[in-house]
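Please consult the sequence and the structure while reading.

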Amino acid sequence: MEGGDPNSSTWKRWLFRMSRTDSNVISGLSLHSVDLDDIPDAMSPMMGRSDSSAVLSHQAVGRRKSVGSSCSSVAGESDVMSSASTAGGHSQKHPDDYHLVDGVIAGRAAALASLIRIITSKSSNEKIPNSQLANFYATVFQCLVEKERVMLCTLFYYGRNLFRLGLPGIESLLPHFLFALDIVMIESSKLRLHPSISEVEIRRACLRALSSVICWPTTFGMSKIPQIAEATGLKSNATTYLHLRSRIFKTLMFSVRNETDPTNLHIALSLCAVLVEESCQFDLGLNEEQTKEMIRISTTASSSGQPEKGLCASIVRGVLSAICDKFGRIETIDHSTALAIIDVLNCISHVHHTVLFNNMDVSTGTLVIASLCRFIEQQLNKPPPMHSKDLHSTVVAAYNAVAVWLTASPLLAECVGVLGTVCDVIQLGVTGSKSSPDLQKSRVDAVKPKAASQRVLEAAEALMYTLFCVVGRKPGPLRDEKRLMHKYGSDRINISKFLHVLVNGDTLLSLHEASHIEDIPSDSASIVYVRRSPMQGANTGVAKLRPKPENYQPDIGAPPMTPMSAISTTDGFEGPNTPTRPQQQKSIGEQFVIPPEFYKNSCKLDNAFRNLESTSETEAIAEEMKQQNSQNGRSFFDESRRNNVFERMRPDERIVAPLKPVDKCSSIRMMLYDFGLINDRIYGSEIVVLDSSMSDKFYRDLHESVDCAPARTQLTAHIFYVKEGQRNAVDILENALNVQNSCSDFCMFLSNLGEGIEIGLHDTWTGHWSTAYSTERKLQTESEGVDHYIVDGIQHALWWCDEQGSNSELAFLMPTERSVRMFKQNITSPASSSRRGSNNNRSIISDDKSFDSSSNHNDMMLTARRTAGEKSPSNLSDRDFRPYAGGGSSMGHGSVGRRTGALRIMLVWLERPEDMTNFPVYELIGSCDDGSELLNNGGITPKPEVGGAINTQVAHHIIFIHLVEPGIVQIRTRGTVNRFGEAGPLVDGVVVSLANLPSFIRNTILNTSRRDVAEIENYTFPHTRRKQAIVEFAKKYAGKTSYEEFLVNVIQN
């Protein structure tokens, strides 16, 4: 092999002749061993026995001899992964095993390995003749049906990329490929099947191979699989792609429940997330006839004959059950595995509720919440010496996962058991104990518990804020005082008439009288308010004086209500109405009985009055008055009656006329009083009045300090389209100017990735801090369409936020040369432009100046990369996959430190997969800045260095995307090595459907962001930053009025 070119046609033909002497292999295939191995040996009662009395054929005995034996025929191959590189249950070769080696099997395995490596080395544009493909398929098919373990291990180890090549007709091997893969996965968990490849490496190769076809059953659905004539009657055979979904599901469940290697378990968990999403989207998109056909297929594919076992709802329950069971055994998983499990749970939370809560059964959701809370409790209850930053990182990630599930499924928050469990872990995170406060006070001698760490406390606090402020509320646009003024007019909403108060130290309330606004229907006093809290941006609401409860009926009666009740609604403010409350049958007042003690005198003056009884003194006074009246001849009472004005009035004048109704009242005073905020004991502490006399400066600082401190996580992903053969940064940036000239699949991917927004009108995140949170608050109108859009963040961008109230916002940008200049970014492009035919190296920097690089430019870049300790994308392979490289790692790698900032996400669409090795990562990484560094540096742009030395040190994560077949794309990932590995579900090498690619991209970016709490040193939560901004703003504008002055101001105004 060393003397010839392995890619030459002559070499291929010779190797084909050596592997099979019959040229027409498919027609002359011998199936002498099919009957022996129709039933997987992993399920056979003879598996693992060494009883000599067992009746086995000569082939079976020979195969058993090869198990656990050692052979060097395949060990010398360059692609063989060293078994010493991975820990966890590796078998050691023994010299006494060499006499058990079957030389024929070893030679066939070596020939098969070479043959597979030749086929898989083809380029994307290379075509293999059909005759050679037929011979290759026949060889692989014979290997699959014979089920010789050494041959199968060789096939899966070297052929894990066979289904990623887009080979025509290879789908005919898929059912048998999956059937044999399941056998190897099960047996390799207990036995060593190959003498030179460890069990862990074999299972990893099987999972890699499984990741290449996991989306095939749902992508191609009920389409027929081309059948091989000799495969008729085999149990491994399948007629449609959908039949294979249950096989993949069972294989993954076995791997999740029994896998011990962290890397393999990480891959299996990511594949579970992919299978769930693909299955749910497929089942939900079927019509009635297709659903009946799917049920029929699921019935035949299920071993129990139950159709629901093959449906997506059953798959979701099975995956969650296996994952939660694994999650509960914390002694068997490390920190990276815990984070990978949490990633999968976060992805499944976005599954449609008709699948997740099938038939309104919330048991799956309660199982997830209970598992997460139990994990938190088990981790925090460990002894103090076992606590570490990594352990607390997993706890914080679990708190975030609970918040994600409650936000995505508000139905769970209505369950009493779920609420009790969540409140217990919140108390445990905040106070360090789950016991009641009364019990803590009784334990005088005991040490007062405290939070495990500040990060744990902030995570529990974030969950508490989410439970009360976010769950059940859909995110809306930023609604503040200016939005109210534009809606109702400056004559009815006066910016200077708002009363601004800080309540409970973290919530800003801006109150304005609304009784005079006709657009707000109310028959009594009402106000509009703007509320800003740590977990919510500026949002508006209406508070009305409600003298009678909703749906009041005099004949039925209703409970007495408080005079002023807040109606948290955005009716009239681009939002839905609050649902009406159910009417109660009998009020509390009607049930209440006034106790007799109420009538007892409690005042001293009441006891000072005399009883109304005549005494000698009163009788003497009455006798004296009678004598005087008799002497004058006139009665004293008659004289008083004549002098009474009321007696002299006419009957019509005696009718009391009602006073004119009061058309003005202090609604703000009534609201503050009803909420108990007008109180001298809390004034200055629980309620602080802000001084907004300098209106312009006040609202400018309010917007810049508070409104621009986001309540949600802001994420930006930059997209690049690489045409065939492109390797220059300038050429790649120019592709974004004409997206319509790219492929249709890429345009469909962009259309489903997010909604288009117009910069300057969109009031939240836009992808860059210089354009985000626009001060313009006018109501948006539908703008006219243009010829084509440029989503580089200058005029338009793609934006996404979960409709169910996700705590994150995503913006997607396609950088261009003009965006690089506008955002004061810099890129360096050392490669020459193939489009322009230029021989000069071109660079783009923020001040629109160009310069030529020196002769040692490339050497400087290579030196910078070596200094940064990173690998170039072309040198990375799937062997560099590290799920956990932190302290105490079992992977044998050195410790990887934490980052100082978030990862820059790059999405690269490749027309040709080979261009991945030439993608100018460090030249384009400068265009992926979201402006946070510029914001933190006070507007000072970092000076670009020649050679991109700064760019090589930027932490980044690249997701390469390229088509494998129509409707199917492969994912390759590159970037900075993380402490806990890459976040799922899009791990390196996985193949997913194009229809579900946008959803997988968003979930991967969200999980990558959620991992920042574990990857970034001194990470700060968004709600903590926003709370601090609110407190600092309140300190700056706190009023100096006394309580009496505050009362006078509220009453008069």
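**Charges over rings**

The charged end of Arg160 is placed over the ring of Tyr157, 5.4 Å from the ring's centre. A charge sits over a ring if NZ of Lys or CZ of Arg is within 6 Å of the ring centre and within 35 degrees of the ring normal. Lys487 likewise lies over the face of Tyr488, 5.8 Å from the ring centre.

This is a predicted model, in which local features need pLDDT of at least 70, side-chain atom pairs count only at pLDDT 80 or more, and totals for chains, interfaces and linings use all residues. Residues are numbered from 1 along each chain as its sequence is written, and side-chain values use heavy atoms, with hydrogens and water left out.

**Aromatic pairs**

The whole structure contains 24 aromatic pairs; rings of Phe, Tyr and Trp (its six-membered ring) pair if their centres lie within 6.5 Å, and planes under 30 degrees apart count as stacked, over 60 as edge-to-face and the rest as tilted. Tyr157 and Tyr158 are edge-to-face, because their ring centres are 5.1 Å apart and their planes meet at 85°. Tyr157 is buried, with a relative accessible area of 0% (buried means under 20%, exposed over 50%, partly exposed in between, with a 1.4 Å probe and protein chains only).

**A strand hairpin**

Strand 3 (residues 526–533) and strand 4 run antiparallel and are joined by seven bridges; strands are DSSP runs (E, at least two residues) numbered from the N terminus, and two of them pair if DSSP finds at least two bridges between them. Two residues separate the strands in this hairpin. Eight of the ten residues of strand 4 (residues 536–545) are buried, so the strand is largely enclosed by the rest of the structure.

Note on methods. Helix = DSSP H or I, 4+ residues; strand = E, 2+ residues; numbered from the N terminus.
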